[in-house]
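Subject: Structure handover, with notes on helix packing

Hello,

Here is the structure for your set. My notes follow below it.

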Amino acid sequence: MNSLLETRQKPRTLVLIVLCTATLAISLATTAINVALPSLAVELRADNRQLQWIVDSYNLLFATFVLAFGSLSDRYGRKGALIGGLAIFGGGAVGASFAESSGQLIFWQAIMGLGAAFVYPTTLSILSNVFTERADKAKAIGIWGATTGLGVACGPILGGWLLESFWWGSVFLALATAASVSILAAIVVVTTSLDPGTPRIDYGGLVLSVLAVGSLVYTVIEAPEHGWRSMATLTGFVLAAGLFAALVKWERGRAEPMIDVTLFTNMRFTAASISVTFAYFALFGFIFLITQYFQLVRGFAPLETGLKFIPVAASIAVGSILGTALAVRLGNKLVVSTGLLLFTVAFVWIATLSEATSYLEIAMQMIPLGLGLGLTSAPATEAIMGAVPLEKAGIGSAMNDATREVGGTLGVAVIGSVYASLYASKFTESGVGENLPDGVRSSVEESVGAAVVAADQIGASG
């Protein structure tokens, strides 16, 4: 209790700034690498499946361990979890910057995700213990949510600027620098808080959650390789469903479960969690595809590509701050429903996208997308945190973060896999490959990036 009071005595605005700085570093990492995917396809000879794993290895480890690590931070101290997580994240970023193969980059991205799993729930749980009144907490969560959304949307801007000025590894060095700054600020500003009554780690729940989420995402990413209706793919989905069922049964039988599944009987909590999952599924899938559309279809340079995300970044910031303010006055249900409606309008409009679509129209499409995310995510987060006791803020935050990361991970996996399947199918139907040498054809079949490089080389030689 004393440590909690000490945390509250710190200047709250200063604490919020430090927490948002750490959150920004983690959020930037989720999408900053997207703008470098075409370069990685060439320099590391990464095919579509490897490119998806480069993105998803971070999100997969993040989502898999965030629940357990949120619980650990409640028990052993949130400040230590924040600093330790940032150190792991920063170390992984340094390793990633010097990766020499797609396998090495996937490994280091996974290490970064492991660190992020400590950091993300800790920032929100500290915030909830510092801002205890609902109106103040809602405003703080709105700013935190805006930072999260801005980080996701601004990742391509950072990546584009660094890629154009230096090399793709500089993106990771910048993230490592941001983590180092956050560590120093946290040491000075944040005082730890904890809940000694938090139950011990549920290792059975941890193992089952790792296997369930991992098998599902792996199956989706590998589906284009084996075929969506192949025995391998169907077996993977059945296995994932069985593991999720086993996880629920295990947690219901524990006196001290890692995941309190009874929380899902609270419709406020469940509806908010589902809303956040779908919102981040759509956002991550959109960024994964539109980044490659800008660079490979429209031929925009990395920095130019990143700057074109400004409309969605600004809209997310406005929607997040406005959403929590409106939720206090009008209720979460109305605000989140409005956000989801804006999301639907945005994606119906985005579905009309073609090579001839002007950037002005794309920018207009990004505005309801960003506003929809802000109006959905920030109020839903406030609803989730309001459904758990203050002393359990770490696990409550982790549940919120898990919904974001599972949604984002599956967004890249599903949308990326459908995109890879459609590309392979259309390439085969076009008959273009029949006129290419065997070595070139096999490379072009793997990714759009390889096709663009091959086209440039053929054009230059002709």
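Start with α8. Helix α8 has 21 residues and reaches 31 Å from its first C-alpha to its last. That is close to the 30 Å expected at 1.5 Å a residue; the expected span is 1.5 Å times one less than the number of residues. Helices here are DSSP runs of H or I with at least four residues, strands are runs of E with at least two, and both are numbered from the N terminus. The buried residues of α8 are G169, S170, V171, F172, L175, A176, A179, S182, I183, A186 and V189. Buried means under 20% relative accessible area, exposed means over 50%, and partly exposed is in between, with a 1.4 Å probe and protein chains only.

Some ground rules. This is a predicted model, so local features need pLDDT of at least 70 and side-chain atom pairs count only at pLDDT 80 or more, while totals for chains, interfaces and linings use all residues. Residues are numbered from 1 along each chain as its sequence is written, and side-chain values use heavy atoms, with hydrogens and water left out.

The overall picture:
- The protein chain has 18 helices and zero strands.
- Of its 462 residues, 56% count as buried.
- Among contacts with a separation of 6 or more, 84% are between residues 24 or more positions apart. Contact means heavy atoms within 4.5 Å.

Now the packing. Two packed helices are described by the angle between their axes and the distance between the axes. Axes are lines fitted to C-alpha atoms, for helices over the stretch in contact, and angles run from 0 to 180 degrees between N-to-C directions.

α5 with α8. Helix α5 (residues 78-97) packs on α8 (residues 169-189) at about 160°, with the axes 8 Å apart. The two are therefore roughly antiparallel. The cut-offs are under 35 degrees for roughly parallel, over 145 for roughly antiparallel, 65 to 115 for roughly perpendicular, and oblique for the rest. The α5 side of the contact includes L82, L86 and F89, and the α8 side includes F172, L175 and I183. By class, this contact has 16 nonpolar, four polar and one charged residues. Ala, Val, Leu, Ile, Met, Phe, Trp, Tyr, Cys and Pro count as nonpolar, Asp, Glu, Lys and Arg as charged, and the others, Gly among them, as polar. The crossing of α5 and α8 is left-handed, meaning that the near helix is turned anticlockwise from the far one by less than a right angle; clockwise would be right-handed.

α5 with α6. These pack at about 155°, with axes 7 Å apart. That makes α5 roughly antiparallel to α6. Their crossing is left-handed. The contact residues divide into 15 nonpolar, nine polar and one charged.

α2 with α6. The axes of α2 and α6 (residues 102-130) come within 10 Å and cross at roughly 155°. So α2 is roughly antiparallel to α6. Their crossing is left-handed. Residues of α2 in the contact include L16, L19 and I26, and those of α6 include V119, Y120 and V130.

T13 lies in α2 (residues 12-31). At 57% relative accessibility, T13 counts as exposed. The C-alpha atoms of T13 and V130 are separated by 9.8 Å, yet the two are 117 residues apart along the chain.

Last, α13. G331 follows α13 and has a positive phi, near 100°.

Best wishes
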